[in-house]
Amino acid sequence: MKLKTLALALLAGTALPPSALGQTAPPDAAAQPGAQPRSRDSRAMGGLTAAPTDFGTVQAGGGEGTPGDGAPNPFGVTRTDLGGGYMIEEDATKTRSTVTRDAIDKLQPTASPYQMIQLLPGVNAVSTDNIGLSGGNVRVRGFNSDHLGFTIEGAPINDSGNFALYPQEYVDSENISSISIAQGSADLDSPHIGAVGGVINMYMIDPSKTAGGVLSFSAGSNATFREYMRVDTGQIGDYRGYVSFSHLGDNHWNHLGRDDRYNIEMKSVYDIDAGDTIRLSVIYNDMINAQWPFPTLAQYSAGNFTTGWPAHLPSNFTTLSNQSAYANYAGYKINPFKNVIASAPSNFTLAPNLTFDTIPYFWYGFGNGGGVTAMNEATGVGWGGLKVTNVNYGGGSTLTDNVLYYNPSITETIRPGVINKLTWTMDAHKLVLGYWLEDALHHQWGPFEPLASDGSVADPFAVSNNFALPAGAVCKSGSTPVACPGGPMQKRAAWTHTLTNVIFVGDTWTYNDKLTFELGAKQAFIDRHVVNQLPYAASPVVDLHNTAFLPTAGVRYRWDDKNQFIASVSTTIRTAPNYNLYTAYANGAMTAPINSIPPERGVSYEIGHRYQGELFATSVTGFLSRFDHFQQSTNELDPAGTGATYTGVTLDVGRLMIYGVDAEIGFRRWNNVRPYVSGELVHSEMLDNWRTTTTAKALDYLPTKGKQLPGTPNSSVAVGIDYDDGHILGNLIFKAIAGQYSTYVNDERIPGYGRLDAMIGYRFDDYGWAKKPTLQLNLFNLTDRVVLTGVNSLANNAKATTGTLGGAIAASGTPNYYLGQGFSALLTMKTAF
């Protein structure tokens, strides 16, 4: 009964993951030689959600299973998981795909979460580097990453302002138990207000009950080096825990920068008594990455993979009167970031049929995207709605210099929250009542910092923020002189406070052990308060209030022990990103106006079949989604007809429909081989024309109705072949993606491509203190083709076109693309102890 009182107290303001359930059960001893017989997967949990409280995890050190086939080795590998670890036996009423340690352990240890899920159906993952430090992007069933939710140990890690994801900043692969994706919609208790395209859930391994740890060292192409160490305490009374440290560094293959990342991670488990467990995980990340150039189609065709970024500054840079020619110097294109993700998913049994799960969490992030601004003494510099002149930036005798200042866009996020869930089992019903509360504070600013004496960035994090205008500076609003404001000059200065309250309730009713119904609903209350502190900004205070009632339903019919049919319907919401709620400026001119659009709303339907037999398992799902007020970030001509172009504005582009089929098949082990195949056919269609402005500054509409959503290939196929006999191990990974449009009127397109990766390795027997020392070589892009893999920046129309009302519409911009790396290799040596 320990901590029952604490559990009841937490309920007043907090939800969380369950105890470790172990890996797949060992195979039947009576199986025929060479073939792995079927065993029910304990990680596949039925019920309303896939939160950590409902999903099995893996213990570090291999758990407590009996050594041999089916019991994890010290790295968590069972050699029995379907398709080499790219599939588990699911019981959910909706589509969900999972990657386990069997697959994760054979990938490069530097792999990002996007690279881990790249073979799953509906997933289009792209990256500019092979090891995963660039982050890249992912689309699922056509939805960009900022339309997806992402949780680690139940804690949401999307940007609380614009829902962006930064996968290079998360968990080391050795500490990941599994990663799953619900391709259609967020779960009932998922803590997201922007996940209309699905949710990615990542789970960390639980600490081992035996003291020990793991050492890993990697080296490869482009001066890549990685060191990793984890130490487990083992079971000490009711407590067990681990802490790990890693460093990863590499040079960019295009010779335009270097990345360095340091990670410290820990997890503790306190088993109070039967049914009561407290967990705590903390992830700390400190990194300075160099940005990558994204070529246009013309630049790629000309072989210009660096887009003209200078790789070095001239020796006389600091004496130049015009430094703006080096504004794209690669040394200014950096992305320094620090963040902490803390989560305490815990479970309490309040009564034999009543449990309480809670996930209090805290997310802190601080960093920026680099960049410089040219301080032009002759024409002046913008500060909000002002133009500032008569300032000597270069120190010369005349005001004619054009001097570069480090001017990054900094974001600091403080994001505490808690999810609470009561589950009451009553006969054939499992009733859930929960509450999610989050209070996120988002501070964004853009200081001006002088460069170092050699022209380099003195402080990548730009923490001083103390540039003040000297006496004699002249400020104008338009042509009217005004008093210059006090305080530091910044290119942006905004605060966003987002308060989220969500109540959810659900019931899982199992009838006759064959038919399961799931019904649920949540009521969401989302309040954003935005304060723009730039001088002379339009509407310095903006409030946004969104509410939504979001029902969901699902059914699963188990025809027999091998066949089951599923169907589900779910509703979603995505509130407007915060940057749409404050006015942005450059050089005293507006670059993005306030654009308070309605929330994006969607309804998704799924119907599917699963087969789970002795030799293989399959999952085939048909899906249909319709959305109103679909939100897309793009450039926009000023609707007032001024001719100005606003950049990075999220627009309400009307209605969208997406439908298609996802399929996957994973084989059980046969002669130590486990193949996996997945594929998707998808059709996306915009159902409305977009409002725009003609070259004559008149209202017209872009002909987008009936066009395909850009960045959405209409077909993809993936193949994975795993071999593991306990000593010799290897895999082949192939993914093919169809062509993708990069504009909303579908007037520019990149062709499809295929990519082949491989791994070969050897797992030795225990030797002294070293347990299962392993040597593995990961080989990337075996065909060494450098191709465009995805769309980075979309455009409305890349070519001049005619509107539906007959007006001439100028091109809105030039799309640019992700460029995939050619061949590279990474050698890893690792051992447990």
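This is a predicted model: local features need pLDDT of at least 70, side-chain atom pairs count only at pLDDT 80 or more; totals for chains, interfaces and linings use all residues.
**View 1. A nonpolar patch shows up on the surface.** Here you can pick out F217, I728, Y762, F764, L775, L827 and M829, which form the patch. Together they have about 630 Å² of accessible area. Let's zoom in on one member, M829, which is found in strand β50 (residues 824-832).

**View 2. F245 and Y262 make a tilted aromatic pair.** Searching the whole structure turns up 27 aromatic pairs, and F245 with Y262 is one of them. Their ring centres are 6.5 Å apart, with 35 degrees between the planes. Where in the chain do F245 and Y262 come from? F245 belongs to strand β11 (residues 239-251), while Y262 belongs to strand β12 (residues 258-273). The two residues are 17 residues apart, and the pair links distant parts of the chain. F245 has a relative accessible area of 38%, so this residue is partly exposed. Y262 comes in at 39% relative accessibility, so Y262 counts as partly exposed too.

**View 3. F348 and F356 make a stacked aromatic pair.** This time the rings are 6.2 Å from centre to centre, and their planes are 20 degrees apart. Are F348 and F356 buried or exposed? Both are buried, meaning that each has under 20% relative accessible area.

**View 4. Four aromatic residues gather in one cluster.** To find the cluster, look for Y393, Y405, F448 and F467. These residues form one aromatic cluster.

**View 5. Five strands line up in an open sheet.** Follow the strands across and you get the order β1-β7-β8-β5-β6, with mixed pairing. Which strands are at the edges? They are β1 (97-100) and β6 (155-156), and each pairs on one side only. Strand β7 covers residues 176-182, and β1 pairs with β7 in the antiparallel sense over four bridges.

Conventions
Residues are numbered from 1 along each chain as its sequence is written. Side-chain values use heavy atoms; hydrogens and water are left out. Patches are made of residues with over 30% relative accessible area and no salt bridge: like charges are joined within 9 Å, nonpolar side chains (Val, Leu, Ile, Met, Phe, Trp, Tyr) within 5 Å. Accessible areas come from the Shrake-Rupley method with a 1.4 Å probe; for residues, only the protein chains shown count as cover. A salt bridge is a side-chain nitrogen of Lys or Arg within 4 Å of a carboxyl oxygen of Asp or Glu. Rings of Phe, Tyr and Trp (its six-membered ring) pair if their centres lie within 6.5 Å; planes under 30 degrees apart count as stacked, over 60 as edge-to-face and the rest as tilted. Buried means under 20% relative accessible area, exposed over 50%, partly exposed in between (1.4 Å probe, protein chains only). Two strands pair if DSSP finds at least two bridges between them.
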